[in-house]
Structure formats: C-alpha cells, structure tokens
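Here's a quick briefing for anyone meeting this structure for the first time. Have a look at it below, then read on for the tour.

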Amino acid sequence: MIKLDSKIPEGPLTEKWTNYRSSHKLVNPANKKKLDIILVGTGLAGSAAASSLGELGYNVKVFCFQDTPRRAHSVAAQGGINAAKNYKHDGDSVYRLFYDMIKGGDYRAREANVYRAAEVSNATIDQLTAQGVPFAREYGGALDNRSFGGVQVSRTFYAKGQTGQQCLLGAYSGLLRQIGKGTVTMYSRREMLELVVIDGKARGIITRNLVTGELERHSGHAVVLATGGYGTIYYLSTLAVNSNGSAAWAAYKKGAFFGNPSFVQIHPSSIPVLNDYQSKLTLMSESLRNDGRVWVPKKKGDKRPANDIPEDERDYYLERRYPAYGNLVPRDVGSRAAKERCDAGYGVGDTGLAVNLDFKDAIDKQGKKAIENKYGNLFEMYEKTTGINSYEEPMRIYPAGHYTMGGLWVDYNLMTTIPGLFAIGESNFSDHGANRLGASSLMQCAGDGYFIIPNTITSYLADEIRTPRIPVDKPEFEEAQKTVQEKIHKLLTINGSQTVTSFHKRLGKILWDYCGMTRNEAGLKKAMGMVEELEQEFWRDVKVPATANELNQELEKAGRVADFFELAKLLVTDALNRKESCGAHFREESQTETGEAKRDDRNYSYVTAWEYNGENKPPLMHKEDLKFENVEVKERSYK
Amino acid sequence: MSKMLRYSSLTKKYIMALAGFLLMVFLLIHLGINLFIIPFTENHQDIFRDGVHFMTTNPLIKIMEIFLFGGFLVHILIGIILQLRNWMARPVRYAKSNHSQGSFFSKYMIYTGVVILIFLIIHLGNFYFVKLGLTEAPEGMSRVADDHDFYNMAINLFSNKIYSGIYIVLFILMGFHLNHAFQSAFQSLGLNHSKYTPFIKAVGDFYSIVVPLGFILIPLYFIIYY
Amino acid sequence: MNIKLKVWRQKSAKEKGKFVKYTLENASPEMSFLEMLDALNTKLILQGDDPVAFEHDCREGICGCCSLYINGRPHGPGEKTTTCELHMRSFKEGKTIVIEPWRSRGFPVLKDLIVDRHAFDKILIAGGFISNEAGTAQDANSILIRKDKADEAFDSAVCIGCAACVAACKNASAMLFVSAKVSQFALLQQGKVEAKQRVQAMVRKMDELGFGNCTNTYACEAECPKGISVTNIARMNREFFGARIGTQKS
C-alpha cells in the first residue's frame, strides 16, 4: 500500500515556498524543448498553466472539449478574485488571507498549500492586470476592492459581475500567444477518455475527436489535469451542463487517489428550480448579499406576494440567527439556513423551495442607480430567466450545487499519487478544505496555473530529461484505447428505451436528496442502494443514438453519466465515512442544540484519499492527517 | 488596380469615405449652380452661365476635375470590389431573411449606387461629353467647348416629362444613398463620438434630404410651369 | 404550447443539408429555447431518430457556445440575449420557428446547427494579447488608469465570442469582434506598447480568413448579446490608420 506523502517542504510556513523555489531542480532551456507536457482543460488554471509552461519553453499540448479554450466554465465566475494586496489598508496580509481560508474551510485543508495560495495571490493580480484584464477602478485610477464572502477585509478584485470571464480571457490571450509562437499546440473539440500509465508514470492520454469520433493517442513526459469540478453530478447545478468528472475519474481508476469527494459546496443563491424540464440553475452572485436581505414570511405557508407582506411579518432569519455576520455568512451556513426554513414550511414561491432576497432597503438608502451600477448585469440575468424585475420585488433564490472542494488528491507539488500526473485548479482537492470562501476559486486557479505548476513540474521533469519522446504505439496505449473502445461500443449497443439525460436527472435527484446540503447515515445508505440500482438500469436500458464515428453529443453525455454513477458511489462512501459535520458536509447526527454544525477534530481531522481497488470492490481509504501549527483550531462561529 | 485589391478592408473603406466626401462637396457646388436654372431672380440665366463658364474654364477647377474624376472612379471601383467580397463572405445564404435592426439604407447601397452610376453615364453623355465634343449637342445648340449652351440643353431635357420623372426618382434614390453615406463616412474614418455623432447624423439627414430636394425642385418647376 | 419548427439538418461538413420540419407538443412558455430543443431531442431519440446537434454549455449567457439563427435573427428575438437565455414566452404559438446555423465563409457547418468558429481564435492569435509573461509584471497599482477608460475597456472586453455579429452582418464581417478586442487593449495603458502591430496583424488576419467588409449597417451592434458598441469599430479604424501612417516601412 502506498503511503501518502504530502511532501511539504521543511521550514517555517512563511518560508516554505520561497525555499522550495530556490532549491528545486531546474531544466535547462535546450532540454525543455524536448519535454512534452499534456494539459487537459483550458479554464483559468489550464490556460494560465499552458501559457506559462509555453513561456518557459516546454512543448505543451493542450486539450479541451469545447470549440475554443475561452468557453471553459471559469468564464462564469461572477464575484471576484481575492488577493492579499492590502490596497485598502484595512489590515489585510498574506497570513490573514491564509487564516480566513483555513477557517472558512473548517480546518480541513492543508496549511502549507493554503499559505502558498495566499502568498502567490498578489502576483496573480499583477499578472492579470498586466495582461489587460479590466478590473474595476476607483476615480483616482487605482484598483478597487470589495468585501466578499464572509470576511472582514476588502480584498476582492472584480470586474463587475464578470470577473471570471475577464480573468479567463486574460489567461486565454496568453495561451493564444503561445499557440502563435508554436510552443503550445491546441487540440480543441477533444475529450480525454483515458489516462495512459507506463511503468507507473503518467505518459499520455486517449482522446476522442468530438467531430470525427476518431480515438487519438497523445504522449507526454507529464500530464496535467485542469478539468474542473464534478458538480454536474447533481444534474441541476450552477455549472455548465457539459462540465464533468470523467478525466479525473479516469485518473482515479488508473491509481490517482481521490481526496474528500463528499465535500461539495452548495451555493446559497441560485435561481430556484422552477419546473421539471429545467436543465440548469443560474447562479446569482454572493456579492448580492452585501446589499440584499434574505427573508421568509413569519407565517407558515404565507402565499401573499412578497411586497404585500408587512415588515413585522417577515423573518430575516440570517440576521436573526447570525447577528455578527448577518446576510454575509459563508455559503454553507447560508445554504443550510435556507433549507431549514423551507423544510419547515416557510419557503416562498409555487414550490415552497425558495427564499426572498430583498433589495428594497438598499435601493431606498443608496438609490436605484447605485444598485444598478453594482449588480446591473445580475438583475438583468435574473429578469431574463424569470421574467421578474427585482428592482420592484425581491429575487427568489435557493441553494444549488456549485463547487467541489473534493478532487484528486495532490501533494505539495500538485502531483497526484501517479508520478507525472498533476492536478490543478478545481480538479484537485487541495486548498479549500470542507468549504470554499467566495472569490478564492479564481485565485487558486490562477495561482496554480501561473506560479505553482511551472515550478513544481520543472522539479519533476528535471529527472525526465533523459527520457526520449514517448512513442504512442506502446502496448499501454493500445490497451487504454481498447478500454475506451469497449466502453463506447457497450454504450451504443444497449439500445434501450430511456435517454441519457433522464438517468442523469434521476441520479442527480438521489444525490441532492440524500447527499446534498445535509446528510445522515440512513439516507446515505439508502442513496447507495438507489445509485447502484439506477446504474444497473442504465447499463440495461439506456438509449444512445447514432454511431461512434461522427459528432455524437448523446454519446459524449452517456460516457460522462456512466462515470458519474461510479463517482456518486464514492461520494456517498466518503460522506458515510465522515460522521462529523464540517464545512459543506453536514451530518445531521453531528449538530449542536441550535442546529449548527459540530466538527469532530479528534476523530476526523484528516483528508480522506480513496484508492481505486478494482471494479465492484469497495475503494481503499487512506488518511492524510492534518497538522495545524500556525493557526489555533477553533470552533467556526458566525454568530 | 491589383494594388487596390490588396489593400486591407479598412484602407478600402477609408478611401471610399474620402472619395465620398469629395463627391458630396462636388454635389453641393453642382446644386448651387443648377438652382439658377429656376428663374427666382431676374438675372438667373446670367448667373448660371457665369457659373458654368467658371467651372469649365478656370484652371484650378480643371485640376480639381482630375481629382473629381479620380474620386468617382475610385469610389465606384472600390465599392464594387467591397461588395463582391461581401457577397463571397457568405457563400450559403440564410433561408430566412435578416430581421436585425440596423441602418436600413446601408443594405441597398450597391443598388442605389449602381442606379446613380447609370444616371451618371447618361448625364455625362448629355452634358460633359458634349463639352468634350465626344457627342453631338442637340440640334440648334452650341457645342463649342468654351461656349456650350448648358442652360438651353437643360431646359430642353427637362421639358421632357419622362426624363424629369426619371430624374426625380433618381434623386430620391440618391437621397437614400447619401443618408447612409454621410454618417457612414465619418464612422469609416474612425470618427464616432458619443457627444458629436448624433449631430453628425442630424447633419447627414439634413444633407441627404435638402440636396436631393434641391435637385428635384428643377424638374418639378418645369413639370408645374411648362 | 404546441411548437412548429423548421430546422437545418446536415449530417457532417461534407454532406449536403436540408430543412426538416418538426412539431413539439406540450412545450411550456417557461422553457428556455434550448430546453425546448432538449425536449425535441428526447422525442427524436425515443423515436429512434438522430437528435439535432447544437452547441451549448453554460446556459447562462456567458460562455458564448450557443448560437442559432432563429427566425432571421442571431440568438432570436430579444435585446441583448443569448439563445440560452431566450424563453419560449417570446414566441407565438402556431407560427413556425425557423432555426439555421450561423452562415459565413469563416464558419463552416460541422453538423446540423454547429459551426466551426475557430477563425476567431486565429484572429486573436495574430495579436489579441498583451505580451506579458508570468512573473514579469510590476505591481498592479503602479499603472493608474482613469476609471472611465477602464470602464470603457471593460465594456469592450465583455465579448463572449459567440459570433452573432458575423451572423447578423449582411456582409458576414467580423469587425465588431475584432474591434472590441483592439479597443480593450487600446484603451488601457498596458496595451499601448503593442497597439500598432496588434491592430494591423489582427485586421490582416481577419481579411485573410474571408470575412466581409464593414458597411456600417450596425446589425452587429443590434444583435450583440453583450451590447458591444460600434464605436469600437470607429476606434479600430482610427487605430489602424494611425498605425499605418505611424509605422516605418518594413
């Protein structure tokens, strides 16, 4: 059995990364050209990594399943990107950012990684600004910051409600520049379906050309996954509908451990589920809670229009329960509080599964213009989807599956347990513990891509300079391709009577009900049985039309959903194992008398890393014990 | 010609706009003289003849004439080249015609342009070529280069109701052409400003109505009074 | 509501396409346009037919994947709306909805309603970037930028690369797309160093790829889901000639 080694450098926390950078092995420029790096995914992490690795002189091959790198779902991040610049002179520092992340993650993240993420955040802002990302500015011409996501300083850089788009386009422009220079080769409309491991090292991937259906083999000295999260496992989520967990899952099945799979963030403010055919939940940025007040009627089942309910009959439950943070509580807390009210019968709207987010006070105080300036595009988005003008009446919001803190387990080098396989951005588990704070996702992605992976991969590749280009006719490639072919063949020949989407919907519902915002042992066990049953039904009765040798979107979906069934079981397994409540993972068995999460540091202060153990066999659990030497582990209270 | 083809699309548009401005200035001067065909002053005939004389004999104007013809030629040639490229840019057309908002007249520039070109050729045949001695002057009228009788030639033409009718229609189409052209030329030259563009557009609307209307007044006068 | 559709079907880039009529019963006015197509595809799959291929991803109007030329308008009726944000409540029952792919020499059809928009990447590769390599940037606040300039640059930068501008343009011109990127960088101090090469390289590439010329019709602006203004085109015209005049003979 492999022993987990997080490879954290020696020395004090504040010096680890500096020491690492000045002592790791290097590759000389002439050798870099001879080293191939495969990079899958072109979100902020992927694009940033591709451009910086290209700039260093490596031969980089980049893959994405969309038509162009710019479509990756980082584009949809709204609120902002954090950095410890302390431009507001409000006492911020790298340590404070680090501390907020550790605390926000409910003490389930690795100190050294988080500190490094905070440390490189400043360089990230410099880099993005230099690339022409038009961050918001003050009249004096300096960059503006806002407060975001349950912290007490203003450290969030933003570009209206489209920060993710602007950051991604910045990184994408750098990537394009490298494509023009020939250091990066772009393979778009390619989906990674299998990882190739040769002599224990990641050496290549099998991709499907989504236009022609052709299976292709690509080899490299290292493989980097930047494939994002698996939040679409819930079917309805704030993610792009094509986002998926298949690349990470392929890596898992080839030996990469999966860290904390059950840590899934449910975002408190999304447009609620309105009907049965809905395909997607649109996020309403957390920043709205800076000015919006969340409430439900005090009377159960009060169906009056929101504006007709007088002030004293409204329950501003976040302000009531959490007077210190009020509407600005972190996401997990806000989500559960909404669920609690709706489950108790106080929800609004036809389904009763929604709460009001009211801007009336803010508009009265600041004027409509000010609110429009801050959130104009969000109000527009809301109106487009629902047809409701929220300057006039409150928005209705409800939690939705959003971000996966869990992901491939990586060490300090961001390398998985397969040598030569790296995971960056949301696809790894590393920086957010059990709950992610707002505006820290873009920060982590950009930091991983621009500043961390270029160092750590160089350290790995320094030992690979003697390895010649890897030929793709090796038996390992042959075998990997065969596995993929068999799976495709199987999916196409079932010819059952139900669509892929209908299965995905049902899977999502099971997970949402039993492994969503709150979980309990009985529910999880039930869910496990239901997922297994549904999976069998899928392989018996799914209908995938057309053939493998053409553009076939149903086939693409089918492969992803098939993987989701397996991932779902791991998710439930992990949730069953963790009998404490922490961050986004709320076990009903572990709560305080007032219904707050109760963490169990004595028994669960560790990261679970699951090892694949063969088909239909329970996975093996490994533990990475978490040591907190630089923060005091406290109860996470927002009261 | 082949060099012109190799110009970037922006350069072509730039030349198009500059030539267009030249033609618009010319049109204004042309109108200024033409209006004296209408007897709203007693010596209108003399003024008209003086004007014609000046325009046909002044050496500076002679030089300007070269530019003017160049302007015409370039405007027409580049206009056609641009249009051909534009058609080529969409080899498969849409089944459903476009319903997007946008400058209405711009969609017909090539057609209004071609009509103006055809008229231009007729017009040149009627007047300019006479001056050059390339075509015969109508009977009873002088064709001596420095003493051509444009006044009577014009009267002669406008007394033909069909010609006058065509002339009027032509200038309405010219108005359409000018309406888009005026503000479009500013845009092509990169002049678009939140403060001034509305004013430019207003001037363009004014120009594209008043100038064609001025030209139309002449045949209208003949239709009404003869 | 019952919906009648006329949809462009084309098996692949090489094969010829044609319009096929479909009807969809029991659609709801609250469905998004793409959810309506999802429902149609479910019906087609269960009937044993090939579903309609169309591109989509984020379904919240920001990724730029969705396209579709609906009843003569890119992204269908509605101001500043992408197809994924369009809802069936914008359509009258009983009238046939005609759905076509983007049409342009620069964007060949790959299948049904999916086109290849790779040409946009190619234009940006030619110069749509600021050459700043990771780790070389100075402190972000060392360059101050006027707020109005930064805001204007942002307004140009919101382009999602969906290509509705090309689809709407009667000349299939890519001027709005190219000028938005040129403007974003021209407005920011950081972008000025390479401004002259950038605009020339991008225009050259745009012409080379066979896009049409701008005739200032402004249908692009009217159809841009992000409301990008044609003042960007004017700015690019200015930038381009400034660059042509201001650079040495090479």
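Two residues are in contact here if their C-beta atoms, placed from the backbone, lie within 7 Å. By that rule, the contact of chain C with chain B takes 39 residues from chain C and 35 residues from chain B. What you're looking at is a predicted model, so local features need pLDDT of at least 70, side-chain atom pairs count only at pLDDT 80 or more, and totals for chains, interfaces and linings use all residues. Residues are numbered from 1 along each chain as its sequence is written, while chains are lettered from A and ligands numbered from 1 in the order in which they are written.

**Where chain C touches chain B**

- The elements of chain C giving two or more residues to this side are strand S5 (97-100), helix H6 (195-208), helix H7 (219-223) and helix H8 (231-246); helices (H or I, at least four residues) and strands (E, at least two) are DSSP runs, numbered from the N terminus.
- H8(C) hands over the largest share, eight residues.
- Sorted by class, this side of chain C has 16 nonpolar, 13 polar and 10 charged residues (Ala, Val, Leu, Ile, Met, Phe, Trp, Tyr, Cys and Pro count as nonpolar, Asp, Glu, Lys and Arg as charged, and the others, Gly among them, as polar).

**Chain B**

- Chain B has eight helices and zero strands.
- Its C-alpha trace spans about 55 × 40 × 40 Å along the principal axes.
- Of the 226 residues in chain B, 27% are buried; a residue is buried if 20 or more other C-beta atoms lie within 10 Å of its own, exposed if 12 or fewer, and partly exposed in between, with C-beta atoms placed from the backbone.
- Take contacts in chain B between residues at least 6 apart in sequence: 74% of them join residues at least 24 apart.
- Helix H7 (residues 161-188) and helix H8 (residues 197-225) of chain B have axes that come within 8 Å and cross at roughly 170 degrees. Axes are lines fitted to C-alpha atoms, for helices over the stretch in contact, and angles run from 0 to 180 degrees between N-to-C directions.
- H7(B) and H8(B) are therefore roughly antiparallel to each other (angles under 35 degrees count as roughly parallel, over 145 as roughly antiparallel, 65 to 115 as roughly perpendicular and the rest as oblique).
- The residues of that helix contact split into 18 nonpolar, six polar and three charged.

**The two domains of chain C**

- Chain C divides into domain 1 (3-111) and domain 2 (117-131 + 143-246), with bounds that come from an automatic or database domain assignment.
- The centres of the two domains of chain C, taken over C-alpha atoms, are separated by 28 Å.
- Between the domains of chain C, 18 residues of domain 1 are in contact with 19 residues of domain 2.

**Chain A: a sheet and a lysine**

- Five strands of chain A form an open sheet in the order S6-S2-S1-S10-S18, with parallel pairing; two strands pair if DSSP finds at least two bridges between them.
- Strand S6 (184-187) and strand S18 (421-423) of chain A are the edge strands, each pairing on one side only.
- Strand S2 (residues 59-63) of chain A pairs with S6(A) over four bridges, and Phe63(A) has Tyr187(A) in S6(A) as its bridge partner.
- Lys103(A) sits in helix H4 (residues 94-104) of chain A, and counts as buried because it has 21 C-beta neighbours inside 10 Å.
- Lys103(A) and Asn435(A) are 332 residues apart in sequence, yet their C-alpha atoms are 9.2 Å apart in space.
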